[in-house]
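User: I would like to learn how to read helix packing in a model. Where do we begin?

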Amino acid sequence: MIFDVLSNIILGILGGIISSIIVSRVFLIHGDYQNQLRFFDQLMHKLGYIAGILAVVKKVFEVSYDEDIRMQREMKERGYKSEAEYYQAHSDKDWISKSALLKKFLSEVKKIAQSIKDELFALHIEYPQLAKIRDIISTHVNTILDLDEFTFSDINKIEQESKAIADDFGKIKSMTAKQIIKLIVTDKVMIILYVLVAVIVIGAIFSYFFGI
């Protein structure tokens with residue numbers, strides 16, 4: 001009688017300990033995965049900032065192209081022999097250097113890309129899907145860091161890559177619940193705990209039927 005009571009107490013204590021470990025482990029896995037998703041959210045905001053700058057750069061190219069056509073037409077009409085004469089004739093205007101502006105934008109874009117690269121380097125990822133998108137982002141920012149100047153083709157390529165990354169990350173976020181369940185089910189510590197629970201349950205059933 002006393003042995004049965006002690007056995008039940010021990011089983012209850014073991015069950016409680018294992019249950020608390022399981023709950024703690026579930027919250028740990030969930031929290032860690034959510035933290036890494038938030039980290040990638042921040043990176044996506046930075047990539048969005050880069051995309052915004054590139055959109056402005058494209059506008060600069062378009063405006064500059066229109067201005068070049070207007071300037072060439074006026075130079076021809078008024079007989080200006082050089083751009084220097086044209087600018088001298090319009091000295092009252094506040095001219096902005098296109099090349100200086102583009103260099104400023106390029107410097108800013110590279111600074112953001114480098115910060116993304118540094119953050120990725122310091123990040124440890126255990127989840128295959130996030131590790132895959134990390135590698136894609138790393139390749140993407142290296143492409144940006146390799147730029148010597150802006151061209152339409154480079155801008156279009158970077159914009160397409162950025163959109164693809166955003167789409168891929170959106171798909172990963174939409175499957176967060178399924179991914180967390182998968183991580184919980186396949187976690188090595190959780191598997192050991194499942195086995196312990198199964199052993200306790202089977203042992204209890206065995207004891208009940210055979211009166212041990």
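Analyst: Begin with a definition. An axis is a line fitted to the C-alpha atoms, for helices over the stretch in contact, and the angle runs from 0 to 180 degrees between N-to-C directions. Note also that this is a predicted model.

User: Which elements does the protein chain hold?

Analyst: The protein chain has seven helices and zero strands. From the N terminus on, the order is α-α-α-α-α-α-α. Of its 212 residues, 28% are buried. Among contacts with a separation of 6 or more, 78% join residues 24 or more positions apart.

User: How do I read a helix pair? What are the angle and the axis distance for H4 and H5?

Analyst: Two packed helices are described by the angle between their axes and the distance between the axes. Here, H4 (residues 128–145) packs against H5 (residues 152–174) at about 165 degrees, and the axes are 11 Å apart. Angles over 145 degrees count as roughly antiparallel, so H4 is roughly antiparallel to H5. The crossing of H4 and H5 is left-handed.

User: Which residues make the contact?

Analyst: H4 contributes Gln129, Leu130, Ile133, Ile136, Ile137, His140, Thr143 and Ile144. H5 brings Lys157, Ile158, Glu161, Ser162, Ile165, Asp168, Phe169 and Ile172. By class, the contact of H4 with H5 has nine nonpolar, four polar and three charged residues.

User: Which residues of each helix are buried?

Analyst: In H4, the buried residues include Leu130, Ile133, Ile137, His140 and Ile144. Ala131, Val141 and Leu145 of H4 are buried too. H5 buries Ile155, Ile158, Ser162, Ile165, Phe169 and Ile172.

User: How do I check the span of a helix? What should H4 and H5 give?

Analyst: The expected span is 1.5 Å times one less than the number of residues. H4 has 18 residues, so it should span 26 Å, and its end C-alpha atoms are 26 Å apart, which agrees. H5 has 23 residues and should span 33 Å; its end C-alpha atoms are 33 Å apart, which agrees.

User: Now single residues. Is glutamine 179 buried or exposed?

Analyst: The cut-off for buried is under 20% relative accessible area. Glutamine 179 has 11% relative accessibility, so it counts as buried. Glutamine 179 lies in helix H6. Leaving aside neighbours within four places in sequence, glutamine 179 is in contact with Tyr33 and Gln129. Gln129 also belongs to the contact of H4 with H5.

User: Where is aspartate 187 found?

Analyst: Aspartate 187 is in the loop between helix H6 (176–186) and helix H7 (188–210). Aspartate 187 is buried, at a relative accessible area of 14%. Apart from neighbours within four places in sequence, aspartate 187 is in contact with Arg25 and Ile29.

Methods
Residues are numbered from 1 along each chain as its sequence is written. This is a predicted model: local features need pLDDT of at least 70, side-chain atom pairs count only at pLDDT 80 or more; totals for chains, interfaces and linings use all residues. Side-chain values use heavy atoms; hydrogens and water are left out. Helices (H or I, at least four residues) and strands (E, at least two) are DSSP runs, numbered from the N terminus. Buried means under 20% relative accessible area, exposed over 50%, partly exposed in between (1.4 Å probe, protein chains only). Contact means heavy atoms within 4.5 Å. Angles under 35 degrees count as roughly parallel, over 145 as roughly antiparallel, 65 to 115 as roughly perpendicular and the rest as oblique. A crossing is left-handed if the near helix is turned anticlockwise from the far one by less than a right angle, and right-handed if clockwise. Ala, Val, Leu, Ile, Met, Phe, Trp, Tyr, Cys and Pro count as nonpolar, Asp, Glu, Lys and Arg as charged, and the others, Gly among them, as polar.
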